[in-house]
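This report goes through a structure chain by chain, starting with a helix and ending with a set of paired strands. The sequence and the model come first.

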Amino acid sequence: MTSELFTFVQLGFRHIVNLEAMDHILFLLALAAIYRPRDWRSALWVVTAFTVGHSITLALAVTGAMVLPIKLIEFLIPVTIVATCIENIIVRDRASAPLGRRYRPMFAAVFGLVHGAGFADYLRNLFVDRIALPLFGFNIGIELGQIVVLAFAAAFLLAADRAIRYVRASMPDAATLRLRVLMVSTVVMIVATRWAIERNPW
Amino acid sequence: MGIARLAAFPLALVVMSAHPLHTSLAEMIYDPAAKEMRISIRVFVDDLTKASNAYAASHRTTRVSSLPLIPDAAIIQYARAAFMVADRGGHLLSLASCGNKPVGDLMWVCLRTSVPAGPVGLRVSHKVLFDLYADQINIVQAAYAGKRISLLFTSGDGFKRID
C-alpha cells in the first residue's frame, strides 16, 4: 500500500513540475503574480483552494460520476489562465471585491474544477479497478508539486521586481508590484490565448 | 545579464506548449496455480500506434497502418521490446501474447510468462512510449500472494525488482 501511495504521489508531483506541461505551471504563475513575499500565506491558500477544486472534479470524473467532454475541458484550461490574467490586470482592490479575502481562493477553486477534469481524462481509463488510493496519492503529489512551483514562481517574481527596480530605481513598491503584475499577466495571457485558439473545439 | 535572461523567459514560454499527461500502466498478476505472470499493459491507442509504427519502421517489421486496423503482431513486437521481465539471475523471460483488447481510448496489451520459481525477485522494465515522449511516466502494479507492489518508471530507468 505504501509503495502504491508513494508511486502515485510521485506521478502527481512529476506531472505538475514537468516543464513540458506548462499549462499548470503558467496557471500557478498567474495566480501568484499579484502576491509579495509577505503574502505567502494568501498565495498558499489560493493554491490549496485550487487543489480542492481539481480534487473534486478529478474524483467525480475518475469514478464515472460525471462525464465531461474532454475537448471542451482542454479548451477551458487555457481559458482559465487567460481569465486569471485578466483578473490580475483589471482588479486592483481585492479587499473591497465581493466575498472579500475569500474571493480569490473561491475563484481558484472554481478554476481548479476545470483543471481537475483535464487530469481525469488521462487517469480514468488507466485506473479502472482501484481508484481511491491512486487518486489520493495523485492529489497529494499535485499539492506538493504546486508548492514547489509556487516557490520557484516567488523567486521568479522577486527577480522581476529587482529587474524593474534596476531600470527604474526610484519606482515606489506599489508601482513596481503593479508593473510586475502587468508584465507577467500579459505574457502568460498571450501564451494561454494561443493554446486556447489551438484547442478550440468548434 | 539578469535582464536579458528575464526577457528571454517570455520568448521561451511562447514556443512551449501545453500537453496531456503521458502515463501508461502495466498490471502484473501472478497465477500460483499456473505459475504464470499475466501482464496487462494499458496504453492510449494513438500513442501505441505511433510508437509501434516507429518501431516497425526501424526494425523493418509489420507496419501499423491506421486505426482501427492495427495488426496485433506489430503491437506485440513493440510491447515485447519495450516491456521486459527478467528472472532473479537477470535472464530475460520470454513473453507470449494473450491478445490485445481495445477499451475506450486505450489498448490493453496482454502478455504472459511462465515463472516456475514464483514472482519474488523478478525484475521488470517498462519503457513503453519512452521513445515517443521524454516526460513519459510508466507505472507497474504487481499483485501476488495478497501483496500489491507499485513501481514507477521514468526515462533512463532500468530494471526494477518486484518484492
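In H2(A), the buried residues are A:Met22, A:Asp23, A:His24, A:Ile25, A:Leu26, A:Phe27, A:Leu28, A:Leu29, A:Ala30, A:Leu31 and A:Ala32. Buried here refers to a residue with 20 or more other C-beta atoms within 10 Å of its own; with 12 or fewer a residue is exposed, in between it is partly exposed, and the C-beta atoms are placed from the backbone. Helix H2 spans residues 22-32 of chain A and is mostly covered, with eleven of its eleven residues buried. Helices (H or I, at least four residues) and strands (E, at least two) are DSSP runs, numbered from the N terminus.

The model is predicted: local features need pLDDT of at least 70, side-chain atom pairs count only at pLDDT 80 or more, and totals for chains, interfaces and linings use all residues. Residues are numbered from 1 along each chain as its sequence is written, while chains are lettered from A and ligands numbered from 1 in the order in which they are written. The scores of the model are ipTM 0.72 and pTM 0.79.

**Chain A**

Chain A contains seven helices and zero strands. Its radius of gyration is 18 Å, close to the 17 Å that the globule rule gives for 202 residues, so chain A is as compact as a globular protein of that length. The radius is taken over C-alpha atoms, and the rule is 2.2 Å times the number of residues to the power 0.38. Along the principal axes, the C-alpha atoms of chain A fill a box of roughly 60 × 40 × 35 Å. Of its 202 residues, 45% count as buried. Among contacts in chain A with a separation of 6 or more, 86% are between residues 24 or more positions apart; two residues are in contact if their C-beta atoms, placed from the backbone, lie within 7 Å.

Helix H4 of chain A (residues 70-90) has 21 residues. From first C-alpha to last, H4(A) reaches 30 Å, close to the 30 Å expected at 1.5 Å a residue. That expected span is 1.5 Å times one less than the number of residues in the helix. The buried residues of H4(A) are A:Ile73, A:Glu74, A:Leu76, A:Ile77, A:Pro78, A:Thr80, A:Ile81, A:Thr84, A:Cys85 and A:Asn88.

**Chain B: confidence**

Chain B has a mean pLDDT of 83, and 80% of its residues reach 70 or more. Here pLDDT is the predictor's confidence in each residue, from 0 to 100. Over residues 10-17 of chain B the pLDDT is below 50, and this stretch has six contacts in the model beyond near neighbours in sequence.

**Chain B: strands**

Three strands of chain B form an open sheet in the order E3-E6-E9, with antiparallel pairing. Strands E3 (83-86) and E9 (160-161) of chain B stand at the edges with a single partner strand each, so one side of each has no neighbour in the sheet. Two strands pair if DSSP finds at least two bridges between them.

| Strand pair | Sense | Bridges | Opposite residues |
|---|---|---|---|
| E6(B) and E9(B) | antiparallel | two | B:Val124 and B:Lys160 |
| E7(B) and E8(B) | antiparallel | eight | B:Ile137 and B:Thr154 |
| E1(B) and E7(B) | parallel | seven | B:Glu27 and B:Gln141 |

Strand E1 of chain B covers residues 23-31. Seven of the eight residues of E7(B) are buried, so this strand is largely enclosed by the rest of the structure. B:Ala142 stands opposite B:Ile149 in E8(B).

E7(B) and E8(B) form a hairpin with two residues between them. In its turn, B:Ala145 has a positive phi of about 45°, and this residue is not a glycine. B:Ala145 counts as exposed, with 9 C-beta neighbours inside 10 Å.

A positive phi of about 70° also occurs at B:Leu129, again not a glycine. B:Leu129 lies in the loop between strand E6 (123-126) and strand E7 (137-144) of chain B. B:Leu129 counts as buried, with 22 C-beta neighbours inside 10 Å.

B:Gly99 sits in strand E4 (residues 96-103) of chain B and is exposed, with 10 other C-beta atoms within 10 Å. The C-alpha atoms of B:Gly99 and B:Cys110 are separated by 5.4 Å, and the two residues are eleven apart along the chain.
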